[in-house]
Amino acid sequence: MAGADFGAFNYKIEGKSADTRGLFVSVNGYSPEAIQGMNGKGALKFVCIDGAHIMRALLTDGGLPAILERVWRHADETGEAYLPVSAF
């Protein structure tokens, strides 16, 4: 996944209301360079999940809301847009 896609998505979110947050989904995951490029750029306007997140959401009781809560909490605390499922 290219970092340019993140930039275009972020641009679209910036044009919305101040409290708008986004979710970028890539079933096949992200390149380390793309994720690294998004980290540390101030307040994140979106987070990233992949196919492993979707599978975990389908197989656990909390479902997608629990996954998103954890990913957003991680983003707010660390400034990182992506939290791999292996880190849960």
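The model is predicted, so local features require pLDDT of at least 70, side-chain atom pairs count only at pLDDT 80 or more, and totals for chains, interfaces and linings use all residues. Residues are numbered from 1 along each chain as its sequence is written, and side-chain values use heavy atoms, with hydrogens and water left out.

**Exercise 1.** Determine which residues of α4 are buried and where they lie around the axis.

*Solution.* Step 1: helices (H or I, at least four residues) and strands (E, at least two) are DSSP runs, numbered from the N terminus. Helix α4 comprises residues 63-78 and spans 23 Å from its first C-alpha to its last, close to the expected 22 Å; the expected span is 1.5 Å times one less than the number of residues.

Step 1: apply the burial classes (buried under 20% relative accessible area, exposed over 50%, partly exposed in between; 1.4 Å probe, protein chains only). In α4, the buried residues are G63, I67, V71, W72, H74 and A75. They cover an arc of only 155° around the axis, which puts them on the same side of α4; the arc is taken from the directions from the helix axis to the C-beta atoms.

Step 2: examine the other face. Turned away from the buried side, it carries the exposed residues P65, E69, D76 and E77.

**Exercise 2.** Characterise the aromatic pair of F9 and F46.

*Solution.* Step 1: rings of Phe, Tyr and Trp (its six-membered ring) pair if their centres lie within 6.5 Å; planes under 30 degrees apart count as stacked, over 60 as edge-to-face and the rest as tilted. This rule gives five aromatic pairs.

Step 1: F9 and F46 are edge-to-face, at 5.0 Å centre to centre with 75° between the planes. F9 lies in helix α1 and F46 in strand β2, so the pair ties together parts that are 37 residues apart in sequence.

Step 2: compare accessibility. F9 is partly exposed at 22%, whereas F46 is buried at 1%.
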